[in-house]
Amino acid sequence: MVNFTPPQVAVPDTAPDDPRLGLLLGRKVGDHTAPKVAIIGFPSDEGVRTNGGRVGAAKAPDAIRHAFYRLTPDAEHADAFRDVVEHTRDGGNLAISGRVEQDQELLGDVVGGFLSQNVLPIIIGGGHETAYGHFLGYVKADQEIAILNWDAHTDVRELKEGKAHSGSPFRQALLHPSQKCRHYRVAGLLPYAVSRSHLDFIAKHGGQYDWKDALSRERIDEIYRSFSSPVMASFDLDAVDQSYAPGVSAPAVNGLSADLWLYAAYRAGKCPSVKSLDLVELNPQFDRDNQTARLAALTLWFFLKGLSER
């Protein structure tokens, strides 16, 4: 039995002519109507602790919701955007144990169930250990997947004393005996934050990588067009320059602009190959005036905008 805790976020009280997302979420989902999209909170950052990062990401799911619920539907394409939101159910936060591997298995059970029902899961972490639990959903649903990771780091580190952590999820996915991860691509890498041996590991397993300075809107379009098989998208906020995203586990100097980051999220939503998304590494403890939480909320907003245009 998988247990969830409800979000500890108040739904905004707004006028009927000015609805906010928190009031619209799930309105068209009922006992006999399945959601098209499901939001799952994964409040874990024990993997960040194991990896030597700044802990605090466990508080991120509700911090993201607090900002997300207050956004309005897309004013340019209100009807299509609103329809997606009204078919999106926020299931709350997975009740975790604090044991990374066990919690990842639980997340995999939930994600796998949604995938088997053709429901698109959005997982809000949490540290980047979230992504391995996300991947396990495809294993449990018996579906092959390509992984696209927007990140300043490769996150293919070896386990630490046999323990999974926030820097190891994609090594674990690539080496999983199921071989469900058919391809791995990471975009947004910073050369001062990446080991050559990790790039060699990616190349050895047929993966690809893109440096931050090579990214543009056109390159982002090309990346999404390169996928023909189902894609699991992972968005690590530490890819974004710390002037836009100070509240993360590992801040990035000279990282991505907010504009390119949000465009990547929009294109993920619009790309028919993308079947799920996780958003990770917000650390509210180190945020500045909720700046990073609002960027995270906009990341979800732009993803849903793209989804509404499929």
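Helices and strands are taken here as DSSP runs, a helix having at least four residues and a strand at least two, and both are numbered from the N terminus. In these terms Ala214 of the predicted model lies in the loop between β7 (208–211) and α9 (217–225). Ala214 has a relative accessibility of 34% and is classed as partly exposed, because that class covers values between the 20% limit for buried and the 50% limit for exposed. Although Ala214 and Leu189 are 25 residues apart in sequence, their C-alpha atoms lie 9.5 Å apart in space.

The chain as a whole may be described next. The protein chain contains 11 helices and nine strands, and its radius of gyration of 18 Å is close to the 19 Å that the globule rule gives for 310 residues, so the chain is as compact as a globular protein of that length. The C-alpha trace spans about 55 × 40 × 40 Å along its principal axes. Of the 310 residues, 57% are buried, while the accessible surface comes to about 12,800 Å², with 48% of this area belonging to carbon and sulfur atoms. When contacts between residues at least 6 apart in sequence are considered, 80% of them join residues that are at least 24 apart.

One pair of helices illustrates how such elements meet. Two packed helices are described by the angle between their axes and the distance between the axes. For helix α10 (residues 258–270) and helix α11 (residues 291–308), the axes come within 6 Å and cross at roughly 35°, and the crossing is right-handed. On the side of α10, the contact is made by Ala258, Trp261, Leu262, Ala265, Tyr266, Ala268, Gly269 and Lys270. The partners contributed by α11 are Leu295, Leu298, Thr299, Phe302, Phe303, Lys305, Gly306 and Leu307. Sorted by class, the contact of α10 with α11 has 11 nonpolar, three polar and two charged residues.

In α4 (residues 78–86), the residues Phe81, Val84, Val85 and Glu86 are buried, and what covers the buried residues of α4 includes α1 (21–24), β3 (88–94) and α11. Phe68, which is found in helix α3, is likewise buried, with a relative accessible area of 2%. Leaving out residues up to four places away in sequence, Phe68 touches Leu21, Leu25, Ile39, Ala297, Leu300, Trp301 and Leu304. The C-alpha atoms of Phe68 and Arg20 are separated by 8.9 Å, although the two residues are 48 residues apart along the chain.

Arg157 is placed in the loop between β5 (145–150) and α7, where it is partly exposed with a relative accessible area of 38%. Apart from neighbours within four places in sequence, Arg157 is in contact with Asn51, His165, Gly167, Ser168, Arg171 and His198.

A cis peptide bond, with omega of about 20°, joins Gly125 and Gly126, and Gly126 is found in the loop between β4 (120–125) and α6 (130–140). Gln179 is not a glycine, yet it has a positive phi of about 60°; this residue is located in the loop between α7 (169–175) and β6 (181–189). Glu281 is another residue other than glycine with a positive phi, here near 80°, and its place is in the loop between β9 (274–280) and α11.

Is the side of the chain at each of these two residues buried or exposed? Gln179 is exposed, with a relative accessible area of 52%, whereas Glu281, with a relative accessible area of 4%, is buried.

How values were computed: Residues numbered from 1 in each chain as written. Predicted model: local features only at pLDDT ≥ 70, side-chain atom pairs only at ≥ 80, totals over all residues. Heavy atoms only, no water. Axes fitted to C-alpha atoms, helices over the stretch in contact; angles between N-to-C directions. Left-handed = near helix turned anticlockwise from the far one by under 90°. Contact = heavy atoms within 4.5 Å. Nonpolar A, V, L, I, M, F, W, Y, C, P; charged D, E, K, R; others polar. Rg over C-alpha atoms; globule rule 2.2 N^0.38 Å. Buried < 20%, exposed > 50% of the residue type's maximum accessible area, 1.4 Å probe, protein only. Areas by Shrake-Rupley, 256 points an atom, 1.4 Å probe, with all protein chains shown as cover.
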